[in-house]
Amino acid sequence: MKVAFVGLGVMGFPMAGHLAKAGHDVTVFNRSPQKAQAWAGLHPGAAAATVAEAAAGAEIVFLCVGNDDDVRGVVAQALSAMAADAIIVDHTTTSAKVAREMADLAGQGGRWFVDAPVSGGQAGAENGQLTVMCGGDPAAFARVEPVIAAFAKATRLMGGPGAGQLTKMVNQICIAGVVQGLAEGMHFAKRAGLDPLEVAAAISKGAAQSWQMDNRWTTMAENRFDFGFAVDWMRKDLGLVLDEAQANGARLDMTALVDGYYGEVQELGGNRWDTSSLVARLEKP
């Protein structure tokens, strides 16, 4: 298919690459043109100078940008350039509100919008093993699902517009709690005089096992926090979660606490550390 990919960060760059490797005709755009040109130097495909140029005639336009306002700006530039009946697939983590707004806007122009936030981090993007949770029209989803498969191990339609974003919020709530539990477990183990790596070897075979334990316990013990999803982005996501909870009446006591704890990590200079850095606030002098 003829597709565009807008936003070549740590996630978008490899995701667009998987689309090209799958044989799609890919044109990319990034606000820093050097990154788009670097992508085009590594993959079959082209770098565009504008969003509209990238989207021109595209059957699917993929987005992986920063926040709600970024999505609004890209969609405004892409819609009129896209092919008739084309689909925007937004992999940005945003509010459910903006997803619904963009779905309405796309529909007014005879096009479609699928909110499709991802989980799996930088490694998942690079290895083509992302989990994608989608919201939108079932017919539009059916058209994009086999294309998304180029970089995803699992893709599921969760409901109408915004449902993908709401599901991603659940994902972030769960991650926040698990990582805080790991941080406290690690801190306790060290204070108790235990070898944290031996502790992990023992408990990771039982009910405490998790992806976070398997992939982050050792690096947490070594105070290495350079493995993808940054604290700044997690705070952005948790802000979206807490705003939505305020609107729907959900009680998220633990999530609010962990959001504050990530604020403490930022005060330590950990804005770009990955989310496992919650342990750093417990071990600061």
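Q: Which residues make up the buried part of helix 10 (residues 211-221)?
A: They are Q212, M213, R216, W217, T219, M220 and A221. Buried means under 20% relative accessible area, while exposed means over 50% and partly exposed is in between (1.4 Å probe, protein chains only). A helix here is a DSSP run of H or I with at least four residues, a strand is a run of E with at least two, and both are numbered from the N terminus. One heads-up: this is a predicted model, where local features need pLDDT of at least 70, side-chain atom pairs count only at pLDDT 80 or more, and totals for chains, interfaces and linings use all residues. Residues are numbered from 1 along each chain as its sequence is written, and side-chain values use heavy atoms, with hydrogens and water left out.

Q: What do the buried residues of helix 10 pack against?
A: Their partners are helix 8 (163-191), helix 9 (196-203) and helix 13. Contact means heavy atoms within 4.5 Å.

Q: Why is helix 8 called oblique to helix 10?
A: The two pack at an angle of about 45°, and their axes are 11 Å apart. That angle makes helix 8 oblique to helix 10. The cut-offs go like this: under 35 degrees is roughly parallel, over 145 roughly antiparallel, 65 to 115 roughly perpendicular, and the rest oblique. Axes are lines fitted to C-alpha atoms, for helices over the stretch in contact, and angles run from 0 to 180 degrees between N-to-C directions.

Q: What makes up the contact of helix 8 with helix 10, by class?
A: On the helix 8 side you'll find I175, V178, V179, L182, A183, G185, M186 and K190, which meet Q212, M213, W217, M220 and A221 in helix 10. By class, that contact has 10 nonpolar, 2 polar and 1 charged residues. Ala, Val, Leu, Ile, Met, Phe, Trp, Tyr, Cys and Pro count as nonpolar, Asp, Glu, Lys and Arg as charged, and the others, Gly among them, as polar.

Q: How do you know that helix 11 and helix 12 are roughly antiparallel to each other?
A: Helix 11 (residues 231-248) and helix 12 (residues 253-267) pack at an angle of about 150°. That value is over the 145 cut-off, so the pair counts as roughly antiparallel.

Q: What makes the link between K236 and D237 a salt bridge?
A: Their side chains come to 3.5 Å, N to O. A salt bridge needs a side-chain nitrogen of Lys or Arg within 4 Å of a carboxyl oxygen of Asp or Glu, so this pair passes.

Q: Why is D237 called buried?
A: D237 has 2% relative accessibility, so it falls in the buried class. K236, at 22%, counts as partly exposed.

Q: Which parts does the E264 and R281 pair tie together?
A: E264 forms a salt bridge with R281, with the closest N and O atoms 3.1 Å apart. E264 lies in helix 12 and R281 in helix 13 (residues 278-283), so the pair ties together parts 17 residues apart in sequence. E264 is partly exposed at 25%, but R281 is buried at 14%.

Q: Why is D85 called partly exposed?
A: D85 has 39% relative accessibility, so it gets that label. D85 forms a salt bridge with R143, the closest N and O atoms being 3.2 Å apart. R143 is partly exposed too, at 34%.
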